[in-house]
Amino acid sequence: MQYSRHKVGILGGTFDPVHWGHLLMAEAAVSQANLKQVIWVPTRHPHYKNATAFEHRWQMVQMAIADNPAFKIAPATVNSTESYAVQTLIDLKTLYPNTQWCWIVGLDAFETLPQWYRCQELATECHWLVAPRLPATLKIEQSTAIATHSQLRCEQIVQKLESQGLPITWQILHLPYVGISSSLIRALCRDRLSIRYLVPDAVRLYIEKHRLYSH
């Protein structure tokens, strides 16, 4: 007898801090790709970034996803030494066998996939769920143009991977363009302006309690 494999999404990121844009992307992935679960993986040692302590970022993600049974945070042992996507997948495969993996990623990151560390081991092992971005030349109300732009950019990356002998499966997620970013939230905190409704309330209170992003 053959058993179908569960479809599980991976959402990795610095999450400095986690915000509603991340949550919308994860929820869209569950709904549109029929995922059983999304595993959130805060990056322990972000490359090229000076990030807030891992423990703070991990705790904020845990608070943000607490009310959604389809969301789960990865154990802190996942990718605990090197912050590479391929190691994350290797660790999760060990913890969750018999799983069909889907990687949730923003278009900006997807465009760099051919340069990811050990891409040849990672690209074909996952179904890629790509969240579109808002190009600087377009406005939020130009939703059709944004979708077309994202589709074309994805197709270009897929063709590049195929030319390297790496055929992948992928789809674009459809979600509202909210224009929220972690850098925006950090800037507001530095200027002592409100971040209410940009992050879950538990995250906002945690940031205030620990005085994160105030300098």
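Ground rules, quickly. Residues are numbered from 1 along each chain as its sequence is written, and side-chain values use heavy atoms, leaving out hydrogens and water. In this predicted model, local features need pLDDT of at least 70 and side-chain atom pairs count only at pLDDT 80 or more, while totals for chains, interfaces and linings use all residues.

The sheet, then. It is open, with 6 strands in the order 3-2-1-4-5-6, and the pairing is parallel. Helices (H or I, at least four residues) and strands (E, at least two) are DSSP runs, numbered from the N terminus. Two strands pair if DSSP finds at least two bridges between them. Strand 3 (71–73) and strand 6 (169–172) stand at the edges, each with a single partner, so one side of each lacks a neighbour in the sheet. On average, neighbouring strands are turned by 25° against each other, direction ignored. Axes are lines fitted to C-alpha atoms, for helices over the stretch in contact; angles run from 0 to 180 degrees between N-to-C directions.

Strand 2 (residues 37–42) runs parallel to strand 3, joined by 3 bridges. Val38 stands opposite Phe71 in strand 3.

Now the helices. Helix 3 (residues 85–95) packs on the sheet, touching strand 1, strand 2 and strand 4, at about 150° to strand 4. Contact means heavy atoms within 4.5 Å. Helix 1 (residues 20–32) lies across strands including strand 2, at about 150° to strand 2.

Last, cysteines. How many disulfides does the structure hold? It holds 0; the cut-off is a pair of cysteine sulfur atoms within 2.5 Å. The sulfur of Cys102 is 7.8 Å from its closest cysteine sulfur, in Cys126, too far for a bond. Cys102 is buried (under 20% relative accessible area; exposed is over 50%, partly exposed in between; 1.4 Å probe, protein chains only), at 0%. Cys126 is buried too, at 4%.
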